[in-house]
Amino acid sequence: MSAQKTLAIVGIGATRPAWSHESSVSKLVVEAALAACDDAGISPGSLDGVLSEAYSTPHIMPGLHAALNLKPDVFTANIGLVGSGAVATIALAHAAANTGQGSTFLCVYGLNLSDVGGPGTHHSSDPYKANMEMPFGFFPQPVYMAAMAKRYCAEYGVDEELISSVPLSTRAWAALNPSALCHEPLTAEEYARSPMIADPLRKLDCCLISDGACAFVVTTKDRAVNMAHRPVDVLSLSRAVEPIPSQEYLGVRSDHMNLPSRLSGPNALKRAGLTVNDVDLAYLYDCFSIIPVLQLEDIGFCGAGKGLEFFASGATAPGGSLPVNTHGGLLSHSYVPGINMVIEAVTQLRGEAEAARQQSDVETALVAAWADTEHTTVLLGRG
């Protein structure tokens, strides 16, 4: 059997984040796709495949064929949900490259939350939630995450005030990033004045509601050496799906402190032959402040019940030992779930971020993205 082909990311593209774009999500994705191909120095017509997550993006695929002048037999596929699925498209590219579908693939994701009214509209369409949870006020997402945060602090005896350390850390990074939607410095006093949405989570603990799209080009390593930029190697990827019934996701869960990151994170590290000590940068899905805390612990960066203390110590902020979400994350940069973390990780590994936030001597980045019952972790290395 021939050796498995390995992959590298060779092009990235993104629309500028906006609270509301006049363009449709289809046009935003086309813009990001063209930017990624241009960054890779290739024509969209030379792509062998276009890959997306399975919930939000597939309906734009027919329009992409015409807008990008793709080959008639271009390979298309989708996987997973939202942030986790957008990152897991790399797994599709690997499978496609190793089954003769081609060598160069475009991974895309875009959404316009300003039009659809936020992520809660998705959950309200679930009959279980509409009939069994919403009538009792257990809705929408901030309430689900507040239950997780309450249980966490009670279980481990952690002061709820430490939750503020997560948005303060991400905002410190966003303040260094001119493209972040919220780049004004944030103080603890300003955080405390933020409206309480679902105790103990305040407005600043909740992800932004914004529009945008991102794309990246991934190809086999033998092709990557001939691209316009230094390639970023895909060292490993792991996707895990929790074996729980669909009506249990997010809402009335038997365990409010378990995420599938406890499965995908350690597995991705094992596949890459790395430990957490080898990771220079971490990009942790931060839709709400408690979620990156749980992932930090699940993946092994700190012990159970120590995640909030880790954030509060300054370890994740500028100048810290483990920079987390150097673009500002979903809390301060923009809500283009999962894929904008890949874009930032590649930017850092190529050494192309603005001087104020560019990290020196970085070799390895970990991207961890969550969506309901599933989680994807990918490890990237400077090629």
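Reply: Start with the handedness: helices α7 and α12 cross in a left-handed way. The model is predicted. By class, the residues in contact between α7 and α12 are 8 nonpolar and 1 charged, with no polar ones.

Now the geometry. Two packed helices are described by the angle between their axes and the distance between those axes. Helix α7 covers residues 141–156, and helix α12 covers residues 290–299. Their axes come within 9 Å. The crossing angle is roughly 55 degrees. Angles from 65 to 115 degrees count as roughly perpendicular and those under 35 as roughly parallel. The pair α7 and α12 is therefore oblique.

Next, the residues. From α7, the contact uses M145, M148, A149 and Y152. From α12, I290, I291, V293, L294 and E297 take part. Glu counts as charged, so E297 is the charged residue in this contact.

Step back to the whole chain. The protein chain holds 15 helices and 11 strands. Its C-alpha trace spans about 55 × 45 × 45 Å along the principal axes. A compact globule of 383 residues would have a radius of gyration near 21 Å. The protein chain has 20 Å, so the two agree. Buried residues make up 58% of the chain.

Finally, look at contacts along the sequence. Take those between residues at least 6 apart. Of these, 76% join residues at least 24 apart. The meeting of M145, M148, A149 and Y152 with residues of α12 brings together two separate stretches, 141–156 and 290–299.

How values were computed. Residues numbered from 1 in each chain as written. Predicted model: local features only at pLDDT ≥ 70, side-chain atom pairs only at ≥ 80, totals over all residues. Heavy atoms only, no water. Axes fitted to C-alpha atoms, helices over the stretch in contact; angles between N-to-C directions. Helix = DSSP H or I, 4+ residues; strand = E, 2+ residues; numbered from the N terminus. Parallel < 35°, antiparallel > 145°, perpendicular 65-115°, else oblique. Left-handed = near helix turned anticlockwise from the far one by under 90°. Contact = heavy atoms within 4.5 Å. Rg over C-alpha atoms; globule rule 2.2 N^0.38 Å. Buried < 20%, exposed > 50% of the residue type's maximum accessible area, 1.4 Å probe, protein only.
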